[in-house]
Amino acid sequence: MNNIIKIRVIPNAKKNEVVKEENRLKVYLTAPPIEGKANKVLIEILAEYFNVRKGQIKIIKGEKSKDKIIEIIT
C-alpha cells in the first residue's frame, strides 16, 4: 500500500527540519529552489524521516511548487 502525503516546502531555511501540521508536513530545507536541488534534498530528508530508501519516495505533483504531493512506495 502506498502512502500519499501533502507537503509544504520552505527552501533556504536555516536548517533541515520536518514539522507535522494538521493535514500535511512542512519541510524546511537549507537548499535553494534552483535546478531541482531542493527536491533532491527533500527526498533525502523524507527518506530519513520515514525510514525508507530514497527510491521509494516520488514527487507526484508540484515538482516546481512549494506545495507538493509525494508518494511513499512500500
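Y49 counts as partly exposed, at 39% relative accessibility, and F50 falls in that class too, with a relative accessible area of 27%. Here buried means under 20% relative accessible area, exposed over 50%, and partly exposed in between, using a 1.4 Å probe and protein chains only. Keep in mind that this is a predicted model, where local features need pLDDT of at least 70, side-chain atom pairs count only at pLDDT 80 or more, and totals for chains, interfaces and linings use all residues. Residues are numbered from 1 along each chain as its sequence is written, and side-chain values use heavy atoms, with hydrogens and water left out.

Back to those two residues. A search of the whole structure turns up one aromatic pair. The ring centres of Y49 and F50 sit 4.9 Å apart with their planes at 90 degrees, so the pair is edge-to-face. (Rings of Phe, Tyr and Trp, the last by its six-membered ring, pair if their centres lie within 6.5 Å; planes under 30 degrees apart are stacked, over 60 edge-to-face, the rest tilted.)

Now look at Q56, in the loop between α1 (37–50) and β4 (57–61). Helices (H or I, at least four residues) and strands (E, at least two) are DSSP runs, numbered from the N terminus. Q56 is buried, because its relative accessible area is 14%. Which residues is Q56 in contact with, leaving aside its neighbours within four places in sequence? They are E71, I72, I73 and T74, where contact means heavy atoms within 4.5 Å.
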